[in-house]
Amino acid sequence: MITTSANPKASTTTTACGGTLHNPSEYPSATYKGECIHFCNDACLEAFLQAPDAFMAGEIEHPLEDVVANDR
């Protein structure tokens, strides 16, 4: 599930892997079943693109990359 704040300046979004983004427009995203899904890094997005259903079901281990959501 994606959650966003009503105030765009204080907007936060939950990523597909459970992280929290404070400026979601600065992160990769994709559309999944009609919803915009945000990812904490490009490696996470690439894993999703390889197998979207398995990724969203939690069947794929979260990939690591040098830049993660907490670093931005």
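The questions and answers below go through a predicted model of one protein chain.

This is a predicted model, in which local features need pLDDT of at least 70 and side-chain atom pairs count only at pLDDT 80 or more, while totals for chains, interfaces and linings use all residues. Residues are numbered from 1 along each chain as its sequence is written, and side-chain values use heavy atoms, with hydrogens and water left out.

Q: What percentage of the residues in the protein chain is buried?
A: Buried means under 20% relative accessible area, exposed means over 50%, and partly exposed is in between (1.4 Å probe, protein chains only). The protein chain has 72 residues, and the buried share of them is 32%.

Q: What is the accessible surface of the protein chain?
A: Accessible areas come from the Shrake-Rupley method with a 1.4 Å probe, and for residues only the protein chains shown count as cover. Carbon and sulfur atoms hold 49% of this surface, and the total is about 4700 Å².

Q: How many disulfides does the count give?
A: A disulfide is a pair of cysteine sulfur atoms within 2.5 Å. The cysteine sulfur closest to that of C17 is in C40, at 3.7 Å, which is too far for a bond. C44 is in no disulfide either, since the nearest cysteine sulfur, that of C17, is 4.0 Å away. The count is zero.

Q: What covers the buried residues of α1?
A: The buried residues in α1 are A43, C44, L45, A47 and F48. Their cover includes β3 and α2 (52-56).

Q: Which residues do ring pairs link into a cluster?
A: Rings of Phe, Tyr and Trp (its six-membered ring) pair if their centres lie within 6.5 Å; planes under 30 degrees apart count as stacked, over 60 as edge-to-face and the rest as tilted. There are four aromatic pairs by this rule. One of them is the tilted pair of F39 and F48, with 4.9 Å centre to centre and 45° between the planes. The cluster consists of Y32, F39, F48 and F55.

Q: Where does F39 lie, and which residues does F39 touch?
A: F39 is buried, because its relative accessible area is 0%. F39 lies in the loop between β4 and α1. Contact means heavy atoms within 4.5 Å. Not counting residues up to four places away in sequence, F39 touches T15, A16, L21, Y27, P28, S29, A30, C44, L45, F48 and F55.

Q: Which backbone nitrogen does the side chain of N41 reach at 2.7 Å?
A: N41 lies in the loop between β4 (35-38) and α1 (42-50), and N41 is buried at a relative accessible area of 0%. A polar contact is a pair of N or O atoms within 3.5 Å; within protein, one must be able to donate a hydrogen and the other to accept it, and residues adjacent in sequence count only if both atoms are side-chain atoms. At the start of α1, a side-chain oxygen of N41 comes within 3.0 Å of the backbone nitrogen of A43. The backbone nitrogen at 2.7 Å is that of C44.

Q: What is the phi of K33?
A: Most residues other than glycine have a negative phi. K33 is in the loop between β3 and β4 and counts as exposed, at 70% relative accessibility. K33 is not a glycine, yet its phi is positive, at about 50°.

Q: Which residues does G19 touch?
A: G19 is in the loop between β1 (13-14) and β2 (20-21), and counts as partly exposed at 23% relative accessibility. Leaving aside residues up to four places away in sequence, G19 touches T13 and T14.

Conventions. Helix = DSSP H or I, 4+ residues; strand = E, 2+ residues; numbered from the N terminus.
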